Amino acid sequence: MPELQRLRADHAPAVLAFELANRAWFTASISDRGDDYFAEFAARHEALLAEQEAGVCAFYVLVAEDGSVLGRFNLFDLTEDHSADLGYRVAQHVAGQGVATATVEELCRLAAERHGLRTLRAATSHTNIASQKVLTKAGFTPVGPAHPSDLGGKQGTWYARDLQSPAITPTGQEATPRATDTECARTDP
């Protein structure tokens, strides 16, 4: 069973392997990170850990039993008003299996319990239907347009979820975590 873990220094090789293996897949729906990202990966990973230590962001990886990374789920820009932005991406081989939805739901729980957050926002492009479905299934609702600078030059929509009340799905039922969806809202570091 995959486990959502707080990002650590020893995750670096598995995170890099995840990013490299899924680069073309991610680029189909979000902006490419560029060659510099991979060339400077070790320094970037250390910078993320420093941001996390400072309490500015909280980074998580979904780790398979074999130690490989199945996805990245991140809380950006934690604010004094108890809100943050959510970014995530999952590996192509688990896309469409409910993994993203279940993990976003789990991260919402952790955001409230562990990080004291009350509201999460996520931006997704108009063409990223899979991410729109993930957010909706996880209890997020559209709240307005996202500027192209929020989405690597693409037009999109901001979604938000109030973490203080139960998430209600489109069917009117409270959202419940599922064991197993696809990919990426805002491009994460």
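Let's start with helix α5: at 1.5 Å a residue, its 15 residues should span 21 Å, and because its end C-alpha atoms are 21 Å apart, the two values agree. The expected span here is 1.5 Å times one less than the number of residues in the helix. Keep in mind that this is a predicted model, in which local features need pLDDT of at least 70, side-chain atom pairs count only at pLDDT 80 or more, and totals for chains, interfaces and linings use all residues. Residues are numbered from 1 along each chain as its sequence is written, and side-chain values use heavy atoms, with hydrogens and water left out.

Now step back to the whole chain. The protein chain has 6 helices and 7 strands; helices (H or I, at least four residues) and strands (E, at least two) are DSSP runs numbered from the N terminus. Along the sequence, they follow the pattern β-α-α-α-α-β-β-β-α-β-α-β-β. Of the 189 residues in the protein chain, 50% are buried, where buried means under 20% relative accessible area, exposed means over 50%, and partly exposed lies in between (1.4 Å probe, protein chains only).

Back at α5, 11 of its 15 residues are buried, so the helix is largely enclosed by the rest of the structure. Among those buried residues are Val99, Val104, Leu107 and Leu110.

What lies in the interior? The largest nonpolar core has 48 residues, and those touching the most other members are Phe73, Leu75, Leu86, Val104, Leu120 and Phe140. Helix α5 (residues 99–113) gives this core its largest share, 7 residues. A nonpolar core is a set of buried Ala, Val, Leu, Ile, Met, Phe, Trp, Tyr and Cys residues joined through side-chain atoms within 4.5 Å.

Next, look at the loop between β3 (69–76) and β4 (83–90), where you will find Asp77. Asp77 is not a glycine, yet its phi is positive, about 55 degrees. His82 is found in the loop between β3 and β4 too, and its phi is also positive, near 65 degrees. Asp77 counts as partly exposed at 41% relative accessibility, and His82 counts as partly exposed at 28%.

Our last stop is Ser83, in strand β4. Ser83 is buried, with a relative accessible area of 18%. Its side chain makes a polar contact of 2.9 Å with the side chain of Thr79, and another of 2.8 Å joins the side chains of Ser83 and Asp81. A polar contact is a pair of N or O atoms within 3.5 Å; within protein, one must be able to donate a hydrogen and the other to accept it, and residues adjacent in sequence count only if both atoms are side-chain atoms.
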